[in-house]
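I opened this entry to keep track of what I looked up. The order follows my reading, one topic at a time.

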Amino acid sequence: MRQGGEKRVVSGMRPTGPLHLGHYFGVLRNWVDFQENYTCYYFVADWHALTSEYAEPKIIKPFVAELMKDWIASGLDPEKCVLFQQSLIKEHAELSLLLSMITPLGWLERNPTYKEIRQELINKDLNTHGFLGYPVLQAADILCYRPDFVPVGHDQLPHLELTREIARRFNHLYGDYFPEPQAKLTESARLPGLDGRKMSKSYGNCIYLGEEMATIRPKVMSMLTDTNRMRKTDPGNPEVCNLYPYHRLMTPGDICQEIQENCTQAKWGCVDCKKVLLTHLEAFLAPIQERRRRMDDHPELIREILETGNTQARQEACLTMDSARAMLGFDF
Ligand code: TRP
């Protein structure tokens, strides 16, 4: 692998379903940029998926390869970054165990994400040790690679704060070793879903990266636009329109300018605007779908990429564990 730079980046995603445009513009685009300037470790967090899917763990396996396909289709390049699978690097589990010894229960119980998700997923029993300890495993995922940055969405900030707190506590107890990794948030505005709410699988308002145009077209044509614009002759307002953020991300700047004018002067109806979006959305997705097709045709590619990535990740995680064990006098 060609290393992108001195500074290190680590991040992961849970394999619980196909990725959509919200993932791409929210986080993944950042990941792709970072591989040029940093040494990046990106992993499939399959153990983390188990915290909520433990009753039906077998659904996770096919999603691991699917997530890898979405990543590579989006531009992650195994020649430029380390792509690997969490559960095959057992050092994550060992570090998580050590860190669990020094993490006060109160930190985990007060974690806002913990409280929120427990209320949201009422159909699942999340009264488990594993779910409470989710951020400890996440801290281990991160600290195994002693990174400088962790690119994540806003929802992950409390977890990252906990990672820093746990690192600080380790350093305080056993000597300075772990860096306190910083979050790297994506600058871009969030992309709303088809109905204006956050794009999310559970709302059924997504456009998926691997989705065919045949199913995307009717979705786009039924998208919510400026709800104040009742008739085609009313002037519209792109600033409150749910379609315009899509244009801003995928339609060239000069055409966005034209859209602004045609919308605010009621020269175009929303249907016209949607047709223009479909053209640019299709152009945006074309290279992504082309790369995905190549992987669908060659399933062995993903296996090879993971094998290489796992070996590289393991090497680094083993170095960390050798030091961490020694600092506790567990280098028997
Ligand atoms: N908790 C993250 C999420 O739900 C996934 C994750 C697990 C992660 N371990 C991580 C992200 C380490 C960044 C770093 O999206």
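**Glu211 and its partners**

I began with a side chain: that of Glu211 makes a polar contact with the side chain of Lys219 at 2.9 Å. By polar contact I mean a pair of N or O atoms within 3.5 Å; within protein, one must be able to donate a hydrogen and the other to accept it, and residues adjacent in sequence count only if both atoms are side-chain atoms. The side chain of Glu211 makes another such contact, with the side chain of Thr215, at 2.7 Å.

I noted that this is a predicted model, where local features need pLDDT of at least 70, side-chain atom pairs count only at pLDDT 80 or more, and totals for chains, interfaces and linings use all residues. Residues are numbered from 1 along each chain as its sequence is written, and side-chain values use heavy atoms, with hydrogens and water left out.

I placed Glu211 in the loop between β5 (182-184) and α10 (213-221). Helices (H or I, at least four residues) and strands (E, at least two) are DSSP runs, numbered from the N terminus. Is Glu211 buried or exposed? I count Glu211 as buried because its relative accessible area is 10%; buried means under 20%, exposed over 50%, partly exposed in between (1.4 Å probe, protein chains only).

**The nonpolar cores**

I then looked up the largest nonpolar core, which has 58 residues; Leu21, Tyr42, Trp71 and Tyr246 have the most contacts inside it. Such a core is a set of buried Ala, Val, Leu, Ile, Met, Phe, Trp, Tyr and Cys residues joined through side-chain atoms within 4.5 Å. Helix α13 (residues 270-297) gives this core its largest share, nine residues. Apart from this core lies another, of 31 residues, among them Leu95 and Phe131.

**The ligand**

Which residues are closest to the ligand? I found 13 residues around the ligand (a heavy atom within 4 Å), the closest being Arg14, Tyr134, Gln138, Asp141 and Gln156. A polar side-chain atom of Tyr134 is 2.7 Å from a nitrogen atom of the ligand. For Gln156, a polar side-chain atom lies 2.9 Å from a ligand nitrogen atom. The ligand taken alone exposes 370 Å², and the protein buries 91% of that; these areas come from the Shrake-Rupley method with a 1.4 Å probe, and for residues only the protein chains shown count as cover. I ended with α8 (134-143), which supplies the largest share of the shell, four residues.
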